[in-house]
Amino acid sequence: MPSGTGDHAFQEAPAAAVCADCGAAANGNFCSACGADLRSGGAGLIDAVTGGRQSYLVTYLQILRTPVKATVGLADDPSYRQHISFLLSSLAVFCVIMIPFIVQSAVADEQMSQFSESMRRLISVMSQVGVYVGAVITFLLGYGLFRVFAKEARSLKSYFKLYCLAYGFMMPPYALYDYVARGLLGITGLSSFAVQAPTAEELASVPFVVSLGVSLLIWVYFIAIHRRFWRMPVWKATVLFSVAAIAASKIGYEVMYVVGAQVTLFLINLGVVQV
């Protein structure tokens, strides 16, 4: 398409274009070697903000083939700068799948039937915010602990890159599994562990055992990437990550309890939320 045409937001790359990510000769809108987006215009603006060129799907499939090795490899690769874009894309997928389901579940929850619908929706939103707050606290505590006890020093910037890739990789399957388990089948999902303690009957059920197994796989994945990233023994990475995650869960709960109470009171006084 001629460059003077203003009807299109994106322009194809020149015929002799060279991929800025891998250096391969490339024609059209995407690199045939690594999948990088070669378009200018709107795509270039997004890339300038997020540092992203390689497509989200290409990165995700790359990690999916060898999750631990690829996650740490991309985190250590100075030429890969799309980690924020990757995380935001996964967060969008997570929200599309989970938010409508979470809000709907809260409205239908019999245990919260004494509250108004607006209050139940607020509780659901605040519980999700609490998850993100817990992730941030885990990140900060984790870096502090590993930085102190690891023999090899790693920068906060590189650790942040690792976390973006790890959470970006885990968010879509987590949301999909939970939606199918809780939303479609009505059985124990991954988020069920954070909602309430399981009953004796649930502990003996197959769905609970399967969900527990999936949760343990996620836990093992995070321990494995920390062991590889910080180059330390498995036992040491397990202890440090477990301490950081458990402590962050407790701190996050207390923080969100106080913040949630103040936000709720504020919205009630404004008349936005009814008890």
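## Surface and overall make-up

Accessible areas here come from the Shrake-Rupley method with a 1.4 Å probe, and for residues only the protein chains shown count as cover. By that method, the protein chain exposes about 15,500 Å², with carbon and sulfur atoms supplying 67% of it. Please keep in mind that this is a predicted model, where local features need pLDDT of at least 70, side-chain atom pairs count only at pLDDT 80 or more, and totals for chains, interfaces and linings use all residues. Residues are numbered from 1 along each chain as its sequence is written, and side-chain values use heavy atoms, leaving out hydrogens and water.

The protein chain has ten helices and zero strands; these are DSSP runs numbered from the N terminus (helices: H or I, at least four residues; strands: E, at least two). Of the 275 residues in the protein chain, 36% are buried. Buried means under 20% relative accessible area, exposed means over 50%, and partly exposed is in between (1.4 Å probe, protein chains only).

## Meeting His226

His226 counts as buried because its relative accessibility is 0%. The His226 side chain makes a polar contact with the side chain of Tyr159 at 2.7 Å. A polar contact is a pair of N or O atoms within 3.5 Å; within protein, one must be able to donate a hydrogen and the other to accept it, and residues adjacent in sequence count only if both atoms are side-chain atoms.

Setting aside neighbours within four places in sequence, His226 is in contact (heavy atoms within 4.5 Å) with Phe146, Tyr159, Tyr163, Arg231 and Phe241.

## Rings that pair up

Rings of Phe, Tyr and Trp (its six-membered ring) pair if their centres lie within 6.5 Å; planes under 30 degrees apart count as stacked, over 60 as edge-to-face and the rest as tilted. The count by this rule is 22 aromatic pairs. One of them is edge-to-face: Phe139 and Phe160, 6.0 Å centre to centre with 75° between the planes. This pair links distant parts of the chain, 21 residues apart, with Phe139 in helix α5 (residues 117-149) and Phe160 in helix α6 (residues 156-184). Phe139 is buried at 11% relative accessible area, while Phe160 is partly exposed at 35%.

Phe146 and Trp230 are stacked, because their ring centres are 5.8 Å apart and their planes are at 20°. Since Phe146 lies in helix α5 and Trp230 in helix α9, the pair ties together parts 84 residues apart in sequence. Both Phe146 and Trp230 are buried.
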